[in-house]
Amino acid sequence: SHGDKEVFSCRGILLAVQWFWDRGHKDITVFVPSWRKEQPRPDVLITDQYILRDLEKKKILVFTPSRRVGGKRVVCYDDRFIVKLAHESDGIVVSNDTYRDLQNERPEWKKFIEERLLMYSFVNDKY
């Protein structure tokens, strides 16, 4: 949401990571689809891509798999990665997604999502 739905803002990810890091949370994992590493297209703008590579080197960011089949991009369902890791590690999910579909997928995820989902907002560069 840092990019106001006009651009994928990697700086927004960094601001969120830094906010938690500054408060003593060191076990942070960010999931981003691997196609975000590619050269951006005019219809899918991205800023400060180097931030993604830096966070990956620091073992904070993980790229979820994707591949091309017949010229089309096939991506995994990264929401499942997010909820599964948070549930298994007794963490929280920081997202504005409600994960309604995943609440119905596994009974143990429903209660977890209801209780451990932290929504957020940006005011300019303030997380």
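In what sense, left-handed or right-handed, does α1 pass α2?

1. Basis of the model. This is a predicted model, in which local features need pLDDT of at least 70 and side-chain atom pairs count only at pLDDT 80 or more, while totals for chains, interfaces and linings use all residues. Residues are numbered from 1 along each chain as its sequence is written, and side-chain values use heavy atoms, with hydrogens and water left out.

2. The helix pair. The crossing of α1 past α2 is left-handed, a term used if the near helix is turned anticlockwise from the far one by less than a right angle. Helix α1 covers residues 10-22 and helix α2 residues 50-57; their axes come within 8 Å and cross at roughly 40°. Axes here are lines fitted to C-alpha atoms, for helices over the stretch in contact, with angles running from 0 to 180 degrees between N-to-C directions. Helices (H or I, at least four residues) and strands (E, at least two) are DSSP runs, numbered from the N terminus.

3. The helix contact. From α1, the residues Cys10, Arg11, Ile13, Leu14 and Val17 meet Ile51, Leu52 and Leu55 of α2; contact means heavy atoms within 4.5 Å. By class, the contact of α1 with α2 has seven nonpolar, no polar and one charged residues. In this classification Ala, Val, Leu, Ile, Met, Phe, Trp, Tyr, Cys and Pro count as nonpolar, Asp, Glu, Lys and Arg as charged, and the others, Gly among them, as polar.

4. The largest core. The largest nonpolar core has 14 residues, and Ile13, Val17, Val30, Val32, Leu52, Leu55 and Leu61 have the most contacts inside it. At least two residues of this core come from each of α1, β2 (30-33), α2 and β4 (61-64). Helix α1 gives the largest share, four residues. Such a core is a set of buried Ala, Val, Leu, Ile, Met, Phe, Trp, Tyr and Cys residues joined through side-chain atoms within 4.5 Å. Buried means under 20% relative accessible area, exposed over 50%, and partly exposed in between (1.4 Å probe, protein chains only).

5. Not counting residues up to four places away in sequence, Val30 touches Ile13, Val17, Ile60, Leu61 and Val62. Apart from this core lies another, of ten residues, among them Ala86, Leu102, Trp109 and Phe112.

6. Strand β2. In a regular strand the side chains alternate between the two faces of the sheet. Both faces of β2 are covered, with Val30 and Val32 buried on one side and Phe31 and Pro33 buried on the other. Strands β2 and β4 run parallel and are joined by four bridges; two strands pair if DSSP finds at least two bridges between them. The bridge partner of Pro33 in β4 is Thr64.

7. The loop between β2 and β3. Ser34 is found in this loop, with β3 at 46-47, and is buried, with a relative accessible area of 16%. Ser34 touches Phe63, Thr64, Pro65 and Ser66, not counting residues up to four places away in sequence. Arg36 also has its place in the loop between β2 and β3, and counts as buried because its relative accessible area is 16%. Beyond residues up to four places away in sequence, Arg36 touches Phe8, Val44, Ile46, Gln49 and Leu52. Arg36 and Ser66 are 30 residues apart in sequence and 10 Å apart in space, C-alpha to C-alpha.

8. Val93. This residue lies in strand β7 (residues 93-94) and counts as buried because its relative accessibility is 4%. Not counting residues up to four places away in sequence, Val93 touches Ile82, Val83, Ala86, Tyr99, Phe112, Arg116, Leu117 and Leu118.

9. Positive phi values. Asp90 is not a glycine, yet has a positive phi of about 55°; Asp90 is found in the loop between α3 (78-88) and β7. With a relative accessible area of 55%, Asp90 is exposed. Asn124, not a glycine, has a positive phi of about 55° and lies in the segment after β8 (117-118). Asn124 is exposed, with a relative accessible area of 69%.
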